[in-house]
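Good morning, and thank you for joining this group meeting.

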Amino acid sequence: EQYIVQSLFPGTPEFYQALPAQKMYLSRNIEPIVKAYAAHLSFTGFVAEVKQKEVALEKLILADPSLQRLILRVDGVAETEMIELARFYEKQGRLEVLVLKRSFGIEDDFRNNDSSFDTCDVLLGSDDYGLLDILKNGPAEN
């Protein structure tokens, strides 16, 4: 439990607590680790050892016809196919999709030719407090 708390970015638990929605965790990691994080963050469920996230996501989408909005929180190029699948359902009018991507340096995203950077809606830095503030208070007016 202590390791989980220390490994999370600041504001991450608060973000998930403030989000009034079902939360599913799809991960390539092994089940004991995924289960521990999902439990700590009070997720609705999880799928561990996922080889193809787009296949797992499609199963979730098709299993719940009432699903209208989807937030994908991604951290690398391994999620490109999953993002493309979500965008396909968005274009069909089935879902509204918001893609959040963790990024520590925009120049690194461009240098590494990270295609998930091109498909994200929001870039997150090293903490989630800004995202939490937007969730609670709405976007700041300029």
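The sheet here is open and has three strands, in the order S3-S4-S5, paired in parallel. Strand S3 (69-74) and strand S5 (122-124) form the edges, each with a single partner strand, so one side of each has no neighbour in the sheet. From one strand to the next the twist averages 20°, with axes fitted as lines to C-alpha atoms and angles from 0 to 180 degrees between N-to-C directions. Strand S4 (residues 96-102) pairs with S5 over three bridges, where pairing requires at least two DSSP bridges. Arg102 stands opposite Leu124 in S5. Strands (E, at least two residues) and helices (H or I, at least four) are DSSP runs, numbered from the N terminus.

This is a predicted model, in which local features need pLDDT of at least 70 and side-chain atom pairs 80 or more, while totals for chains, interfaces and linings use all residues. Residues are numbered from 1 along each chain as its sequence is written, and side-chain values use heavy atoms, without hydrogens and water. The pLDDT, the predictor's confidence in each residue from 0 to 100, averages 86 over the protein chain, and 88% of the residues score at least 70. Confidence is lowest in helix H6 (residues 106-111), with a mean of 51, and highest in helix H3 (residues 31-40), at 97.

I turn now to the largest pocket. Its volume is about 1,600 Å³, the space filled by probe spheres set on the grid points, which are joined across faces, edges and corners. A pocket is an open set of points on a 1 Å grid over the protein atoms alone, where a 1.4 Å probe fits, with protein on both sides within 12 Å along at least five of seven lines; lining residues have an atom within 4 Å of a point. Of its 49 lining residues, Tyr16, Met24, Phe43, Ile71 and Arg73 are the closest to the centre. S3 contributes the most to this lining, six residues.

Finally, Arg73 and Asp128 form a salt bridge at 2.2 Å, N to O, the criterion being a side-chain nitrogen of Lys or Arg within 4 Å of a carboxyl oxygen of Asp or Glu. Arg73 lies in strand S3 and Asp128 in the loop between S5 and H8, 55 residues apart.
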